[in-house]
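Please look through the structure below before reading my notes. The points take the strands, then the aromatic rings, then the charges over rings.

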Amino acid sequence: MPDKSRRLLTLLTVMTLTLLVLTGCGKFGDKFPNKEPIITITSYEGFDDSELLAPFADTEFLFQQKIFWNASDEDGIITGFAYRVKDQIGPNGNAIATPGNHFIDTTGEFTPANVVERFGTGWVLHYKTNADQDLPLDHPDARKTIWTTAKYAVINFPAADANGNPLSMESTFEVIAIDNRGGISPVYTPADAADPTYPMTSMAWRKFNSTSARPTCIVTTTKGNPNGGVVGSGIRLDFTMDDDDPFIDPTPFKYEFKMMKIDPADSTVIPGTETDWIDTATSANDIHMDEYLLTRYTDPALTFDVVDGVTETLTKIEARAYDLAGVVSEATLNSRLLFAVKTGFRPKTVVYPQRTYALGDNHFIDYTDESTPEILPFTIVGGLQRFATPFFVDMANTTTAINSNNIKVWLRWGWRGEYGVVQPSGNILFPPPGNESPYDKKVNTVLDRYTDENYYSEITHFDLRLDGAPYNYPPYANSHVFDTDGTEWLRIPLYSPLGQTLVLTTLSSGVHTMQVRCVDLQGEVDPEPATYTFTLVDPIAPENREGVLVVDDDLDNASTSPDDTVLANYQQMLSAYSGTKTFIHRTRVGIPGDTFGDYRLRHLATSDLQQYKLVIYHCDNPSEAGNLKNENDGISLYMRSGGNFLLSGTSQLASTLDAFVLATQRTFVNYLGATYVSPPARILNNNLLQKAYFQTALGQEGYPDVDLQYGAGNEPSFNALVNLREGLSTITYFHTNSASAEVIYRMGIKPVGYPVQGPTQEEYDLYNNQPIAMRTVTGNTRCYVFGFPLSYMVPADAQAAMTQVLTDCGLI
């Protein structure tokens, strides 16, 4: 057995030695030498010495070319490419940097030795994979290489002489490849042609005779062209370039400008005032080369041309642009800017009421506000949306809201000129001061606080104070400024995370004041900061409320609603109540009253209403609808909080209720007991001379009958037409009502055959006994709606009906 093993071992050893001999063991060199990669340019533009492209040696090409290439490797894979551009100076040309390929390796520091040895230096530099590209390629810490994996390059060939004039120039583009074993494109020489196995290729190259049209330069300010007019001492120049080269976006390589003073008497340059050409990329205050800030503190600095109202000099700017081929623009009217620098301009800060609102358990609306194009902040309670709404304005002309532990307040500010209306002609119209709207087009003009002139500035910062102290915003905790009197402000940049809105939370009840002022390019602040003051009021529980508030929304008219008579009638209706009774007139346009309107034209603040046990609102003038449609929000919040409400109206009430339905103001309609359909009510007639059938309100549910005052058997009405017709036509009746509503009055009309404008039998059957007043109890809220005007009824009867209401509400 051991002999057999030894024989097997001997056989394996012989076989191994034989294989080693056969595979060349002991030989020196590579059995399979690396085959170098082959690369070709696949684009058709340009020319070389090939039979196909040599005829294009005299053809001119646009200076900007997108050059594609392709490479292959017979025994490996391609891992990268390197390319460069060479001029025609000297026997072999010199590698040059071009726009877009600014950085080249002229020393060979980042070029492999075999590339330097074979092709030389001057290859375009690129970032290595995962390198920090915030560092420019010429930074010593930048990780860079000549290799790229891109298979094309956009090259901007030079096409200008040393002075920037257009000139057809020949340049060469060269590209090489590298494979995974470090092999690079070979060098082909004529001697290689004798060896048919050697690849007849080398680096790929293409020549171009490049041309470029002369560009034009346009200079203005970021806020328009003053055209020789006055500007403030802070403007930002704005540069653009146009170019007629086809198929190429007009991209500038750089802008330059110079500034000088002009004598207005003869338009000549004042000696010693002209600066050298300044490259806009050198601005310390701008991140884009198409802008350059000029103030009294920049280099160059603006100085005042207007002194004591007299224009002593003018300031002139001359600008020029270089395109990517190095061609410079020539002077034109559009490349010059003329203006007079004047002192005294100041910005004006604006708080936008349209975008200043609050949202909390006691301050919201529950329908979509169609008066605003924006989506308002909202929360969801019980599956229903509650939207933010502006503050109310109470009877003391104070901006108010009822506080809650979850209230949020949004405050939005800006400046005069931020928004405007752009006309078809391109002119911009600005609304009168105080009527600025953030829903107009954003134009970002800055208008002077005193003259409303455009002084061609920009807003750069905002200063903020809240409740007598700098607003606390940790990201800018160290950004505070002080006035000469020691007043301290938080200063935030225009585009800070805050934007132009504060959202305030966890606010205590009481008065809160936000102050904001804008800062312009001059460094000037608004000398009269915008102030927005609002008061958060504690809610008053229903059991702690007292008194009756009567809101007169009748247009004073001797024939249909005389103020003194109406007031006396309501005073008599409430005579059984000895508590506080407050009678107010709702203010109308041109007619002073006791209320103040907010941005949404609402005049009744919940903070006022919640003080009263009962609120009575009457629109008893049959000739007009009143303003109840604007008062949904305050009254709805009042009723939600346990307030009692009585509404007296005429036939105009039907259209008002329909307006609530169409505005999706369901809550108000539900509290009134009307059905949420359109229309929720109908009318007898809107014309006092037609269908004047109503004579008596027939009491239901224990309510007494109430007769119309019209002169036949009682005192005459103040309305002569009612006396003439012995009846009233302007009545709303409720042909349908909600399940929770109780009918407390039905319509009693003239009998058929009545001698003065009596109804037909058909009319009698239709109108008599229709519901004309309802009571709806929702929780601890009682709501009464009268479709007939209480001030038109017999005072003693109306008093009896009102006494019953007061009893229901627990006031007597």
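**Notes on a predicted model**

1. Thr 40 stands opposite Asn 70 in strand 3. Strands here are DSSP runs of E with at least two residues, numbered from the N terminus. The model is predicted, so local features need pLDDT of at least 70 and side-chain atom pairs count only at pLDDT 80 or more, while totals for chains, interfaces and linings use all residues. Residues are numbered from 1 along each chain as its sequence is written, and side-chain values use heavy atoms, with hydrogens and water left out.

2. Strand 1 and strand 3 (residues 64-72) run antiparallel and are joined by four bridges. Two strands pair if DSSP finds at least two bridges between them. In general, strands of a sheet pair through backbone hydrogen bonds, either parallel or antiparallel.

3. In which order do the three strands of the open sheet lie? The order is 1-3-10, and the pairing is antiparallel. Strand 1 (38-41) and strand 10 (152-156) are the edge strands, each pairing on one side only. From one strand to the next, the twist averages 30°; axes are lines fitted to C-alpha atoms, and angles run from 0 to 180 degrees between N-to-C directions.

4. The count of aromatic pairs comes to 30. Rings of Phe, Tyr and Trp (its six-membered ring) pair if their centres lie within 6.5 Å; planes under 30 degrees apart count as stacked, over 60 as edge-to-face and the rest as tilted. Trp 415 and Phe 462 form a tilted pair, with 6.3 Å centre to centre and 35° between the planes. This pair links distant parts of the chain: Trp 415 lies in strand 30 (residues 408-415) and Phe 462 in strand 34 (residues 459-466), 47 residues apart.

5. Buried means under 20% relative accessible area, exposed over 50%, and partly exposed in between (1.4 Å probe, protein chains only).

6. Phe 786 and Phe 788 form an edge-to-face pair because their planes are at 85°, with ring centres 5.5 Å apart. Phe 786 is buried, with a relative accessible area of 1%, and Phe 788 is buried at 0%.

7. The charged end of Arg 84 sits over the ring of Trp 123, 4.1 Å from its centre. Likewise, the charged end of Arg 517 sits over the ring of Trp 489, 4.1 Å from its centre. The rule asks for NZ of Lys or CZ of Arg within 6 Å of the ring centre and within 35 degrees of the ring normal.
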